[in-house]
Amino acid sequence: MADANIPESWREVLDPVLETPEARPLGGWLKAEEDAGKTVYPPGGQRLAALALTPLESVRVVILGQDPYHGPGQAHGLAFSVPEGEAPPPSLRNIFQELVEDCGVARPTTGDLTPWARQGVLLLNTCLTVEAGRAGSHAGRGWEVVTDAVLRAVAHRETPTVFILWGGHARKVAQKVLPSQRPGMHLILTSPHPSPLSAYRGFFGSRPFSQANDFLEAKGRGTIDWSLP
């Protein structure tokens, strides 16, 4: 899984985890899947992009997804994001609608969320690969042990951080890995998922972007420029 330029701060978190019985088989299993002719997204070299772009010491916001997009050309290692030139999928279009209404910015013309990642927004899926056309197909294969460790490392810092949890899966994961914090240490924002199936049940109008910035600014951690090209 050494397929990205992972910052030292993440290596210190992950190296012990990758040697556990739960995580050790993952790399070999992924290779076997591809050797058997199965298409895995995102391609090798992009699977740890969220960690490569956002070192632990830089994390200000965590946006937690489930697994990568399973269509051709969509997944590139950042939760909810697609590469430049790819049309935003429905959930991302809804995220952008809420962004425009929340922050008053222009509607983005790209679905590439790399500018967020470079500002300290950790765009993390709990499972970092998927088989083409089969959502959730790599769940339970070891990725969760890795991403749980990432989330714990962020949450246990004495550094105020915003956790944005969209949907039941993200909330369930957070309940498992986020410790009880003294009041005010972190801000945890929850709402329904931005999927078209649930966005109108409370995602729209939840104002996650402005709430995150209000908290960060109050804690002396600056703000995120959520606008995109």
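**Figure 1. Burial in the predicted protein chain.** Of the 229 residues in the protein chain, 54% are buried (under 20% relative accessible area, with exposed meaning over 50% and partly exposed in between; 1.4 Å probe, protein chains only). The model is predicted, and local features need pLDDT of at least 70, side-chain atom pairs count only at pLDDT 80 or more, and totals for chains, interfaces and linings use all residues. Residues are numbered from 1 along each chain as its sequence is written, and side-chain values use heavy atoms, with hydrogens and water left out. The accessible surface of the protein chain is about 10,200 Å², and carbon and sulfur atoms contribute 51% of that surface (Shrake-Rupley method, 1.4 Å probe; for residues, only the protein chains shown count as cover).

**Figure 2. Fold and dimensions of the protein chain.** Eight helices and six strands are present in the protein chain (DSSP runs numbered from the N terminus: helices are H or I of at least four residues, strands are E of at least two). Their order along the sequence is α-α-β-α-β-α-α-β-β-α-β-α-β-α. The radius of gyration of the protein chain is 17 Å, close to the 17 Å given by the globule rule for 229 residues, so the chain is as compact as a globular protein of that length (taken over C-alpha atoms; the rule is 2.2 Å times the number of residues to the power 0.38). Along the principal axes, the C-alpha atoms fill a box of roughly 50 × 40 × 30 Å. Among contacts with a separation of 6 or more, 75% join residues 24 or more positions apart (contact: heavy atoms within 4.5 Å).

Figure 3. In helix 2 (residues 26-35), the buried residues are L26, W29, L30 and E33. These residues cover an arc of only 100° around the axis and therefore lie on the same side of helix 2 (the arc is that of the directions from the helix axis to the C-beta atoms). An α-helix has 3.6 residues a turn, so residues three or four places apart point the same way. K31 and D35 are exposed on the other side of helix 2. The buried residues of helix 2 pack against strand 1 (40-41), strand 4 (130-131) and helix 6 (143-155). G37, with a positive phi near 95°, follows helix 2.

**Figure 4. The surroundings of S91.** S91 belongs to helix 4 (residues 90-103). The relative accessible area of S91 is 14%, and the residue is therefore buried. Not counting residues up to four places away in sequence, S91 touches H193, P194, S195 and P196.
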